[in-house]
Amino acid sequence: GALSHQDTFATHVNRGILRLRRNQIDPAIADFDEAIEIDPNQPEAYLNKGAALIRLNNPAEALRLFTVALEHNTERPEIAHFGRAIANETLGNVREAYYDYQRASELDPDWDDPRVELQRFRVVDE
């Protein structure tokens with residue numbers, strides 16, 4: 001039978017994730033775009049498209065998408081903050097990057113990556 005609206009959305013997101021893992025960036029982005037078109041209020045497509053755009057070195061658009069994912073209450077806010085930190089750092093927004101790495105670490109204290117990234121920063125009083 002036909003897939004429900006939610007199942008069709010989830011199929012596109014899941015296929016996009018698999019394609020992203022295989023480094024098939026453009027087809028993954030196409031899947032995330034299709035998912036967003038099906039349901040623009042679901043955050044996971046924005047989150048994963050942001051991750052794909054980081055790989056394509058498009059930090060400005062990735063930053064926007066990670067923020068949208070957070071605004072729509074993604075199930076993985078630590079990933080959104082981590083991705084946003086990478087985008088901010090790439091764009092030269094060091095303070096914002098630091099706070100996003102810090103927030104990612106707070107949300108998932110067992111995840112090493114944000115903690116490792118935070119070690120590169122030096123906080124100074126102004």
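**Briefing: arginine 76 and the overall fold**

Arginine 76 counts as partly exposed because its relative accessibility is 42% (buried means under 20% relative accessible area, exposed over 50%, partly exposed in between, with a 1.4 Å probe and protein chains only). This is a predicted model, in which local features need pLDDT of at least 70 and side-chain atom pairs count only at pLDDT 80 or more, while totals for chains, interfaces and linings use all residues. Residues are numbered from 1 along each chain as its sequence is written, and side-chain values use heavy atoms, with hydrogens and water left out.

**Surroundings of arginine 76**

- Arginine 76 lies in the loop that separates helix H4 (59-71) from helix H5 (77-90).
- Apart from neighbours within four places in sequence, arginine 76 is in contact with Glu44 and Leu47 (contact means heavy atoms within 4.5 Å).
- A distance of 19 Å separates the C-alpha atoms of arginine 76 and alanine 28, which are 48 residues apart along the chain.

**Fold and packing**

- The protein has 7 helices and 0 strands (DSSP runs numbered from the N terminus: helices are H or I, at least four residues, and strands are E, at least two).
- Along the sequence, the pattern is α-α-α-α-α-α-α.
- Of the 126 residues in the protein, 41% are buried.
- Among contacts with a separation of 6 or more, 45% join residues 24 or more positions apart.

**Dimensions**

- Taken along the principal axes, the box filled by the C-alpha atoms is roughly 60 × 25 × 20 Å.
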